[in-house]
Amino acid sequence: MARRLQVLEGLLSEVVFQLDAEGRVTYLGPGWEKLTGTLRAVSQGHPLVEAVHPPDRDAARALLESVSAQRLPDARQELRLSVGDDARWVVLAARGVPGQPGEVVGTLLDIDSRRRAEEAVATRERYLETMVEVQRRMMPHQLPVDLYASVVEPLGRVSNASRVYVFEMHRGPQGEPLASQRAEWCMPGIPPNLEDPNMHGLPLLEALLPEQASALMHGEPVQGFPTSFTPVLAPMLEAQGVRSVLLLPLHVHGQLFGVIGFDNCREARPWGPIEVNLLSGAAGTLSLALEQRTDKALRVRTETTLRRTEAGVHLLIEAFPDPVMVHVGDGVLLSVNPALVQYLGYRDAAELVGTHVLELVREEDRGAAQLYLGQALEGKRSSRAVEVPLVRRDGETVVADLVTLAVVFDGTPAWVTMARDFTERKRSQAQLILADRMASMGLLAAGIAHELNNPLAYVLSNLDFLHATVGPRARPLTPDDLVECRQVLDDAREGAERMRQIVRQLRVFSRVEDNREEPVDVHRVLDSVAQMAASEVRPRARLIKTYGVVPLVRGNEGKLFQVFLNLVINAAHAIEEGQSETNEIRITTRPDDGERVLVEVRDTGGGIPPEHLRRIFDPFFTTKSAGLGTGLGLSICDTIVSALGGHISVESAVGVGTTFRVALHAASPLDSVARHGL
């Protein structure tokens, strides 16, 4: 058996582990040594959390303790393991051992490559946005009075530096080259140095090593740790809490004009090549802006600045790993990068350049895409990611998140749109939504059967009465008999109609693949939810509906049904059974800002503790007992409402109750008809 287990573990990509009740390792799979570089025998008998990267240990300890104490049946989380001086991303999955109190088994899955790739893409996107912002601030028609102050703040935030500053070179009384600090930005909690006398009249070039001074003079960056610098500069950096530093030269008319510096006071981490290159580009933009201020030929210098900056933007777009397109205000494509050509299945960029952006969008989605582009051109929502289906050359549809930014391209105002593939995430999201629907149907199955059984019982009873009354050998019917038969038929018809409405609600709720958006009567949805959830609500509270005068909303009836059914069931489960007369669940609708409809679901349950409130929309987070919740409901509610362009929020007080608010966009006035509330 042990041999078979070794063979099986050799096929797994995860590392299997087992912990005792004290959290100590009692077993580790053979992949542990490859994952961490540590022998299994060394880790045996030690707490597993000791192998976790220090910043993630509290989260790992809380997860393992929750599983060990049976507060959660199982759990998983992405965190880092310590690997020498570095860290490695893994997915930690753990589960308690039935019948063995306190013992835990689990796996560690290596996801380091995926996380680092995601972080690299996010870094590139962050730097692209900042480069665009710096370029915009440096444009000649809006050059700020304080050039330095307008640049150090965005560069500090994007580089995650602790402190960013600018030193300007000048001559001392004897003609010696000195440097004085002119601007500074500091992260909260980092003390500023701008007023420090030591930062003015500093012999910077003499305080550097000869090769470092030479690099700055020739336009090259210098970086290192305090120990990398001279005995003059090293103590100064250490006194300021600097653990690593990056210096970029500012050249004006070919001469060293100053330096822009980046301090890291948290960790001794060098800046990577991509960061150095992009920050050097920003320093070059600042140098050109300084030239404009010191040269009479402002127009010539401006054109040079734009050409150099645009060349950098061209290179950045070409090398960007995600699909990128550049288009002018009317939507005509000026340029596309190789990633977009490949993503859409074309052979060459020339096939796309000159076409209209909307030609890449499905015909039924062009209205929404046109609205998004219009908002981007007006600068209202240019940085908001929007989900848009794009059409490949072969006709296949791929779903992408689009982000649009304004730039100057070849001397002309233009817009850069970046696309991130959303197809696989969309498929996974649909599977989670379906799983949540099935969980809700399972929870309500008994209640639905009861709701169908009641009208079915009296329909059958009434039909039996009619059969006996008008069947074979029946006596002649009197006028009173006919009136009674008609009343019996009306009752049977009413029961059949009630069953038809329940079946209709089930059909609406089961339309999984229907993603069509249309005007929806939110009151009709809420009435259906109230009827479907009646079996869960009735033993716990009174359901009160307070409807206002609201228009139709833009959405999908089945998905909105799922959202409000989840909220009403959650409200019911927050209240103990047996006190239905003293508790209530109130559903309220009202207009909000004229363009939206607000739906509130308020309960008088026990409320949500503050430590849970910030996590309730996280996937798989639940405080319900095992078998009562998947932890998907509220996360899916948030996903559905956000995809419809709406917003969901929550307020709660322990011992008082909870209120969920869902804001939805009103449908177009041409399609929407306001209805009066009940």
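Predicted model: local features only at pLDDT ≥ 70, side-chain atom pairs only at ≥ 80, totals over all residues.

Reader: What is the phi of Asn160?
Author: The phi of Asn160 is near 60°, which is a positive value in a residue other than glycine. Most residues other than glycine have a negative phi.

Reader: Understood. What does E6 pair with?
Author: Strand E6 (residues 163-171) is joined to E7 by nine bridges, and the two strands run antiparallel. Within this pair, Tyr165 stands opposite Glu184 in E7.

Reader: How many residues lie between those two strands?
Author: The hairpin of E6 and E7 has five residues between the strands, and Gly175 in this hairpin takes a positive phi near 80°.

Reader: And how many residues of E7 are buried?
Author: Seven of the 10 residues of strand E7 (residues 177-186) are buried, which leaves the strand mostly covered.

Reader: Let us change topic to the sheets. What is the order of the strands in the antiparallel one?
Author: The order is E2-E1-E5-E4-E3, in an open sheet of five strands with antiparallel pairing. Strand E2 (25-28) and strand E3 (74-83) stand at its edges; each has a single partner strand, so one side of each is left without a neighbour in the sheet. From one strand to the next, the twist averages 30°.

Reader: How many bridges are there between E3 and E4?
Author: E3 and E4 pair over 10 bridges in the antiparallel sense. Leu81 has Arg88 in E4 as its bridge partner. The hairpin of E3 and E4 has two residues between the strands, and there Gly84 takes a positive phi near 65°.

Reader: What about E4 and E5?
Author: Strand E4 (residues 86-96) and strand E5 (residues 104-110) run antiparallel and are joined by seven bridges. Arg95 stands opposite Val105 in E5, and the bridge partner of Val90 in E5 is Asp110.

Reader: Why is E4 described as largely enclosed?
Author: Eight of its 11 residues are buried, so E4 is largely enclosed by the rest of the structure.

Reader: Which strands form the sheet with mixed pairing?
Author: That open sheet has five strands in the order E17-E19-E20-E22-E21. Strand E17 (542-546) and strand E21 (647-653) are at the edges with a single partner strand each, so one side of each lacks a neighbour in the sheet. The twist in this sheet averages 15° from one strand to the next.

Reader: How do E20 and E22 pair, parallel or antiparallel?
Author: Strand E20 (residues 596-603) and strand E22 (residues 657-665) pair in the antiparallel sense, over eight bridges. In E22, Leu664 is the bridge partner of Val597.

Reader: Which strands of the sheet does H16 touch?
Author: H16 packs on the sheet and touches E17, strand E19 (584-592) and E20. The direction of H16 makes about 170° with that of E19.

Reader: At what angle do H16 and H18 cross?
Author: The axes of helix H16 (residues 522-532) and helix H18 (residues 557-573) cross at roughly 50° and come within 9 Å. The two helices are therefore oblique to each other, and H16 passes H18 in a right-handed crossing.

Reader: Which residues make the contact?
Author: From H16, the contact is made by Val522, Arg524, Val525, Leu526, Ser528, Val529 and Met532. From H18, the residues are Glu557, Leu560, Phe561, Phe564, Leu565 and Val568. The residues of this contact divide into 10 nonpolar, one polar and two charged.

Reader: Finally, how many helices and strands are there in the protein chain?
Author: The protein chain has 20 helices and 22 strands. Of its 678 residues, 45% are buried.

Methods:
Residues numbered from 1 in each chain as written. Heavy atoms only, no water. Buried < 20%, exposed > 50% of the residue type's maximum accessible area, 1.4 Å probe, protein only. Helix = DSSP H or I, 4+ residues; strand = E, 2+ residues; numbered from the N terminus. Pairing = 2+ DSSP bridges. Axes fitted to C-alpha atoms, helices over the stretch in contact; angles between N-to-C directions. Parallel < 35°, antiparallel > 145°, perpendicular 65-115°, else oblique. Left-handed = near helix turned anticlockwise from the far one by under 90°. Contact = heavy atoms within 4.5 Å. Nonpolar A, V, L, I, M, F, W, Y, C, P; charged D, E, K, R; others polar.
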